[in-house]
Amino acid sequence: MHPTRYVIDRTHGLRNLETLHDNVFWGGAEPRISICVPTLRHDVTPLLEGLAQCEAREAIEIIVYDDGSRDHDLLARMQGSAGHAGAAVRIVSAQNNRGRAAARNAAIAHARADWVLLVDADMTPDTPVFLQAYLDAIDRAGGPAIIVGGYSLLSAPNDRAYALHRWQARMSECIPAEERMKAPGRYVFSSNVLVHRAVLEACPFDESFTGWGWEDTDWGLNAQKLFPIVHIDNTATHLGLDSAAQLMGKYARSGSNFARMAARHPDDAAAMPLFRMATRLRAMPFRKSFKWLAADVAKSESLPLAVRGRALKTWRVLVYSEAL
């Protein structure tokens with residue numbers, strides 16, 4: 001029988017049942033890095049396989065936090081993968097879904113190391129020295145800090161259906177460390193970031209952010225006021241690209257989170273081109289008509305990708321202008 005426990009939802013005061021599934025390496029592990037992976041209805045097998053190919057995997061433990069999937073077949077597949085990971089793995093199966101910010105906090109609560117690597121379920125390391133590079137960065141840091149490795153598309157799918165997302169990621173997210181350091185808090189993408197426990201205790205993720213988007217930007221902008229942020233080139237690939245419709249659906253649902261982030265960090269938001277454009281377009285005549293046109297252009301696979309990408313950016317700005 002797998003052990004279970006009740007934990008309290010810090011935002012709503014509700015109990016959430018967690019069931020723990022540990023592999024044979026968990027009990028005796030003494031990790032230097034705890035890798036925390038929140039997931040919802042997503043198989044983490046490619047990530048576990050990628051980590052198993054890395055050097056220094058004996059220095060890690062992996063906590064997979066299933067945020068209310070309630071999928072027994074998926075859980076069984078992940079347990080099977082955990083058995084071949086070559087590292088300590090705990091899979092936490094939560095009864096209720098509470099969103100990305102809450103799932104991250106819940107996963108972190110199981111971490112035993114002083115350093116926590118936050119990785120999304122659809123990521124995979126780009127090189128065998130991925131873990132060793134972070135261990136070396138810990139030694140250089142000399143104390144509590146945030147160390148951001150960055151994104152790539154090295155192993156991402158090339159299917160035509162994902163072309164728009166690839167364009168967006170290449171333009172906005174696959175940024176070298178030198179460029180990210182110019183606005184260090186802004187580029188703390190939580191899908192590949194190493195964080196000291198002291199940072200997470202002082203700055204937990206704000207669970208009032210619901211759904212998808214901007215909770216990690218809010219967290220990074222809060223944390224930079226208290227701790228140093230270091231950007232390095234130690235990338236992982238985002239495997240889980242979306243179709244145009246899926247990507248736009250996420251953006252459509254993230255407007256309220258964007259507005260919340262901007263209200264909490266007005267000076268930082270004012271430096272973001274996305275916020276400045278959204279603010280200017282709030283009073284734009286025929287805004288809804290332009291938004292519909294931009295959406296149609298972005299979804300049209302017959303048009304050049306650069307045209308679709310610009311239309312996607314315009315559409316997103318118009319969506320966010322309605323939320324501000």
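Trainee: Why is threonine 39 called buried?

Mentor: Threonine 39 has a relative accessible area of 5%. Buried means under 20%, exposed means over 50%, and partly exposed is in between (1.4 Å probe, protein chains only). So with 5%, threonine 39 goes in the buried class. Before we go on: this is a predicted model, so local features need pLDDT of at least 70 and side-chain atom pairs count only at pLDDT 80 or more, while totals for chains, interfaces and linings use all residues. Residues are numbered from 1 along each chain as its sequence is written, and side-chain values use heavy atoms, with hydrogens and water left out.

Trainee: Where is threonine 39 found, and which residues is it in contact with?

Mentor: Threonine 39 is in strand β3; helices (H or I, at least four residues) and strands (E, at least two) are DSSP runs, numbered from the N terminus. Contact means heavy atoms within 4.5 Å. Setting aside neighbours within four places in sequence, threonine 39 is in contact with Val44, Val64, Tyr65, Asp66, Asp67 and Ala121.

Trainee: How do you know that β3 and β6 pair?

Mentor: Two strands pair if DSSP finds at least two bridges between them. Strand β3 (residues 33–39) and β6 have four bridges, in the parallel sense, so they pass that test. Isoleucine 33 stands opposite tryptophan 115 in β6. Then there's strand β10 (residues 192–196), joined to β6 by five bridges and running antiparallel to it; leucine 117 stands opposite leucine 194 in β10.

Trainee: What makes β6 largely enclosed by the rest of the structure?

Mentor: Look at the count: five of the five residues of β6 (residues 115–119) are buried, so the strand is largely enclosed. Trp115, Leu117 and Val119 point one way, Val116 and Leu118 point the other way, and all are buried. In a regular strand the side chains alternate between the two faces of the sheet.

Trainee: What makes a set of residues a nonpolar core?

Mentor: It's a set of buried Ala, Val, Leu, Ile, Met, Phe, Trp, Tyr and Cys residues joined through side-chain atoms within 4.5 Å. The largest one has 39 residues, and Ile33, Ile35 and Ile62 touch the most other members. Elements that each supply at least two residues of this core include β3, β4 (60–66), β6 and α4 (130–141). The largest share, six residues, comes from α4. Take isoleucine 33: beyond its neighbours within four places in sequence, its contacts include Trp115, Leu117, Tyr134, Leu135, Ile138 and Leu194. There is also a second, separate core of 29 residues, with Leu20, Ile63, Val193 and Phe227 among them.

Trainee: Which residues does arginine 264 meet in salt bridges?

Mentor: Aspartate 206 is one of them, with the closest N and O atoms 2.1 Å apart. Aspartate 218 is another, at 3.3 Å, N to O. Aspartate 218 lies in helix α8 and arginine 264 in helix α10, so this pair ties together parts that are 46 residues apart in sequence. Arginine 264 has 35% relative accessibility and counts as partly exposed; aspartate 218 is buried at 1%.

Technical notes:
A salt bridge is a side-chain nitrogen of Lys or Arg within 4 Å of a carboxyl oxygen of Asp or Glu.
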